[in-house]
Amino acid sequence: MKPTRPLALAVAFLVIGALSYGGVQLWSHYGIPPGVPASAPLTPAILAVIILATALAFRARLNAQREAVQRVLDGEPSPPILPGQRAPKPLDPLQAARAVMFAKASSMVGAIVSGVYAGYGVFLLSKLSVDTFRSRAVVCGITVLCGLALVAAALYLEYVLRVPPSGPDDALPKNGTKSKTAAPTRPVRNRPDGTFPVRRESNHSGS
């Protein structure tokens with residue numbers, strides 16, 4: 001599963017914003033532009049808080065799991081489990097995949113919501129002398145900020161649940177030396193040192 005590209009979210013924000021601005025302008029030619037509900041920022045704000053809390057919970061579980069694995073590799077004793085405390089459990093891959101899918105959808109929703117209200121807010125900038133339009137512009141601005149906060153929280157959740165690359169060089173850190181977890185080379189036993197002549201066998205064909 002590929003991570004969400006911020007460029008795709010930026011393009012969606014700009015395209016939806018341009019469509020929203022053009023739609024509101026077209027609407028204004030035939031009457032009063034549509035109203036903006038005061039509760040518009042609540043949905044992206046609540047989603048952003050939920051996703052951020054989920055990301056922090058996943059990060060705490062993954063950090064505890066990494067520390068437990070590192071203690072085992074270093075041969076250190078595990079700390080005693082206090083009453084009411086649970087041992088860190090491995091993260092369920094299916095649960096992590098669902099969280100990543102939810103984060104990807106939420107980031108796109110946040111970009112679309114921000115684009116819709118950003119286009120409407122740009123249209124209202126020329127009508128700030130009217131109290132009704134000024135209050136709508138304020139609500140649009142707050143909704144755009146909440147939508148961007150939703151995008152940031154969703155991208156952070158994807159970052160927390162990222163899968164490290166797998167390859168032959170994973171056991172080598174950046175400085176080029178082998179880590180502790182690298183498998184040691186097993187020496188060949190009962191083999192004397194020195195060079196040995198190579199015995200070549202020739203096939204004699206009957207002639």
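Predicted model: local features only at pLDDT ≥ 70, side-chain atom pairs only at ≥ 80, totals over all residues.

User: How many helices and strands are in the protein chain?

Analyst: Four helices and zero strands, in the order α-α-α-α from the N terminus. Helices are DSSP runs of H or I of at least four residues, strands are E runs of at least two, and both are numbered from the N terminus.

User: And what share of the protein chain is buried?

Analyst: Buried residues are 25% of the 207. Buried is under 20% relative accessible area, exposed is over 50%, and partly exposed is in between (1.4 Å probe, protein chains only).

User: What about contacts in the protein chain between residues at least 6 apart in sequence?

Analyst: Of those, 83% join residues at least 24 apart. A contact means heavy atoms within 4.5 Å.

User: Which residues of α1 are buried?

Analyst: Leu9, Ala12, Gly17, Ser20 and Val24. The cover over the buried residues of α1 includes α3 and α4.

User: Switching to Ser114: buried or exposed?

Analyst: Ser114 counts as buried because its relative accessibility is 0%. Ser114 is in helix α3 (residues 93–124).

User: What does Ser114 touch?

Analyst: Leaving out residues up to four places away in sequence, Ser114 touches Phe13, Val144, Gly147 and Leu148. The Ser114 side chain also has a polar atom 2.8 Å from the backbone oxygen of Gly110, and the side chain reaches the backbone oxygen of Val144 at 3.4 Å. Polar contacts are N or O pairs within 3.5 Å; within protein, one atom must be able to donate a hydrogen and the other to accept it, and residues adjacent in sequence count only if both atoms are side-chain atoms.

User: How many salt bridges are there in the whole structure?

Analyst: One. Arg134 pairs with Asp131, with the closest N and O atoms 2.7 Å apart. The rule is a side-chain nitrogen of Lys or Arg within 4 Å of a carboxyl oxygen of Asp or Glu.

User: Where do Arg134 and Asp131 sit in the helix?

Analyst: They are three residues apart in helix α4 (residues 131–160), so about one helical turn separates Arg134 and Asp131. Arg134 counts as partly exposed at 35% relative accessibility, whereas Asp131 counts as exposed at 54%.

Terms used:
Residues numbered from 1 in each chain as written. Heavy atoms only, no water.
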